[in-house]
Amino acid sequence: MSRRQRIEDLTTIAMPGEPALAPDGSAVVYVLKTVDADADRDVRSLWRVGPTSGRPRPLTRGPADSAPAWSP
């Protein structure tokens, strides 16, 4: 039997957002928001993923990275 979710479970969820598609379609960079429960703050870092591999990799460590954009 599985347990019901608790409010503390929200600190374990990673939320992707703010995607930026490369001009040639070769990759997407996005912000991954996680929670540092001990510090009681959000942590935002930039991640990159290719369209075919689907394997994300971190670009930055945060803690407050946002608004990814590609240079023209």
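In the predicted model, R44 is in contact with V31, L32, K33, G62, P63, A64 and D65, its neighbours within four places in sequence being left aside. R44 itself lies in strand β3. One of these contacts, D65, is 21 residues away from R44 in sequence, yet the two C-alpha atoms are 5.3 Å apart in space. The relative accessibility of R44 is 29%.

Through shared partners, the salt bridges join K33, D42 and R44 into one network.

In total, the structure holds three salt bridges. One of them is formed by D9 and R3, whose closest N and O atoms lie 2.8 Å apart. The two partners fall into separate classes of accessibility. D9 has a relative accessibility of 18% and so counts as buried, the limit being under 20%. R3, with a relative accessible area of 48%, is partly exposed.

The strands that carry several of these residues belong to a simple arrangement. The protein chain contains four strands and zero helices. Read from the N terminus, its elements run β-β-β-β. The four strands make up an open sheet in the order β1-β2-β3-β4, and their pairing is antiparallel. β1 and β4 (57–58) are the edge strands, as each of them pairs on one side only. In general, the strands of a sheet pair through backbone hydrogen bonds, in either a parallel or an antiparallel sense.

The pairs can be described in turn. β1 pairs with strand β2 (residues 28–36) in the antiparallel sense, over five bridges. Within this pair, P16 stands opposite L32 in β2. L32 is also among the residues in contact with R44. β1 and β2 form a hairpin with six residues between the strands, and in this hairpin G25 has a positive phi near 75°.

β2 is joined to strand β3 (residues 41–49) by nine bridges, and these two strands run antiparallel. D36 has R41 in β3 as its bridge partner. β2 and β3 also form a hairpin, here with four residues between them. In the turn of this hairpin, D40 has a positive phi of about 55°.

Between β3 and β4 the pairing is again antiparallel, over two bridges. The bridge partner of W47 is P58 in β4.

I7 is exposed because its relative accessible area is 62%, which is over 50%. I7 also belongs to a nonpolar surface patch of about 400 Å², made together with L10, I13 and M15.

Values for the whole chain complete the description. The radius of gyration of the protein chain is 15 Å, whereas a compact globule of 72 residues would have one near 11 Å. Taken along the principal axes, the C-alpha atoms fill a box of roughly 45 × 30 × 15 Å. Of the 72 residues, 18% count as buried. The protein chain exposes about 5,700 Å², and carbon and sulfur atoms supply 53% of this area. Among contacts between residues at least 6 apart in sequence, 24% join residues at least 24 apart.

Terms used
Residues numbered from 1 in each chain as written. Predicted model: local features only at pLDDT ≥ 70, side-chain atom pairs only at ≥ 80, totals over all residues. Heavy atoms only, no water. Patch = residues over 30% accessible without salt bridge, like charges linked within 9 Å, V, L, I, M, F, W, Y side chains within 5 Å. Areas by Shrake-Rupley, 256 points an atom, 1.4 Å probe, with all protein chains shown as cover. Salt bridge = Lys/Arg side-chain N within 4 Å of Asp/Glu carboxyl O. Buried < 20%, exposed > 50% of the residue type's maximum accessible area, 1.4 Å probe, protein only. Rg over C-alpha atoms; globule rule 2.2 N^0.38 Å. Contact = heavy atoms within 4.5 Å. Pairing = 2+ DSSP bridges.
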